[in-house]
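This briefing is intended to be read alongside the sequence and the coordinates. Please keep both at hand.

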Amino acid sequence: MKYTCAGHRPGIPDAGISLGPTRLFDIVTHSPEETLEFGRNLAGEVLPPCLVLLHGELGSGKTTLTKGIVAGLGAAGEEEVTSPSFTLVHEYGRENKVYHVDLYRIEDAHDLATLGLDDLLGQQATVLVEWGEKLGDNAMAPRVDIHLEHMGNDERRIIVERLET
Ligand code: ADP
Ligand code: MG
């Protein structure tokens, strides 16, 4: 399968074998601003088409990081990005389309089916999914997994992994 999320990278094998996850970053941020900046700089790793799953408890910084990524992709300003916890999906941008999905309130496969995620994933877009673990088997590779961990006060550990086919 053609590699996605960062365009073509010479040297990456395309032999159809499973390579497992590659750890791109393992960092600690000390403020929301630092997480925003990290998100902006991460945009180059999640170029469309790309599925990005965000994992981490409430308040770990998934939405904050998403604001930075959306801004870095040039799809919207940080202040325009709000949590889709009630609407479930927000759409940003024109040429560089970004979908921001929050599955927190999703309870079962039927809920998931009504979201039309297949349509989103079939597009030339970056699809950022909070509570991405709820996608289950729908989470295809290649993709990027981001794990956020609350370390106390304003510290957040952020691990970014690329999963190839
Ligand atoms: P989630 O989407 O995972 O529930 P949010 O991004 O909505 O998390 O909320 C994170 C909260 O933590 C915000 O209130 C933010 O101001 C605060 N915060 C404190 N320190 C950080 C940090 N280093 N990175 C991100 N958010 C932080
Ligand atoms: Mg959130």
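The points below cover the ligand site, the aromatic contacts and selected residues.

The model is predicted: local features require pLDDT of at least 70, side-chain atom pairs count only at pLDDT 80 or more, and totals for chains, interfaces and linings use all residues. Residues are numbered from 1 along each chain as its sequence is written, chains are lettered from A and ligands numbered from 1 in the order in which they are written, and side-chain values use heavy atoms, with hydrogens and water left out.

**Ligand site**

- Ligand 1 has 16 residues around it, of which Thr35, Gly59, Lys62, Thr64 and Asp154 come nearest; a residue is near a molecule if one of its heavy atoms lies within 4 Å of it.
- By class, this shell contains 9 polar, 5 charged and 2 nonpolar residues. Ala, Val, Leu, Ile, Met, Phe, Trp, Tyr, Cys and Pro count as nonpolar, Asp, Glu, Lys and Arg as charged, and the others, Gly among them, as polar.
- Helix H1 (32-42) and helix H2 (62-72) each contribute at least two residues to the shell around ligand 1, and H2 gives the most, with 3 residues. Helices (H or I, at least four residues) and strands (E, at least two) are DSSP runs, numbered from the N terminus.
- Nitrogen atoms of ligand 1 feature in two of the pairs listed here: one lies 3.1 Å from a polar side-chain atom of Thr29, and one lies 3.1 Å from a polar backbone atom of Ser31.
- An oxygen atom of ligand 1 is 3.0 Å from a polar side-chain atom of Arg156.
- Taken alone, ligand 1 exposes 570 Å², and the protein buries 75% of that; accessible areas come from the Shrake-Rupley method with a 1.4 Å probe, and for residues only the protein chains shown count as cover.

**Aromatic contacts**

- The structure holds 2 aromatic pairs. Rings of Phe, Tyr and Trp (its six-membered ring) pair if their centres lie within 6.5 Å; planes under 30 degrees apart count as stacked, over 60 as edge-to-face and the rest as tilted.
- Phe25 and Phe38 form an edge-to-face pair, because their planes stand at 90°, with ring centres 5.4 Å apart.
- This pair links distant parts of the chain, 13 residues apart: Phe25 is in strand E1 (residues 21-29) and Phe38 in helix H1.
- Phe25 is partly exposed at 29% relative accessible area, whereas Phe38 is buried at 11%. Buried means under 20% relative accessible area, exposed over 50%, and partly exposed in between (1.4 Å probe, protein chains only).
- Tyr104 and Trp131 form a tilted pair, with ring centres 5.1 Å apart and planes at 35°. Tyr104 is partly exposed at 38% relative accessibility, and Trp131 is buried at 14%.
- The charged end of Arg105 sits over the ring of Phe86, 4.3 Å from its centre; the criterion is NZ of Lys or CZ of Arg within 6 Å of the ring centre and within 35 degrees of the ring normal.

**Other residues**

- In H2, the buried residues include Lys62, Leu65, Thr66 and Ile69. Gly74, with a positive phi near 75°, follows H2.
- Ala109 belongs to helix H3 and is exposed, at 62% relative accessibility. Its C-alpha atom is separated by 9.1 Å from that of Lys134, 25 residues apart along the chain.
- His90 lies in strand E3 (residues 89-92) and is buried, with a relative accessible area of 17%.

Note on methods. A polar contact is a pair of N or O atoms within 3.5 Å; within protein, one must be able to donate a hydrogen and the other to accept it, and residues adjacent in sequence count only if both atoms are side-chain atoms.
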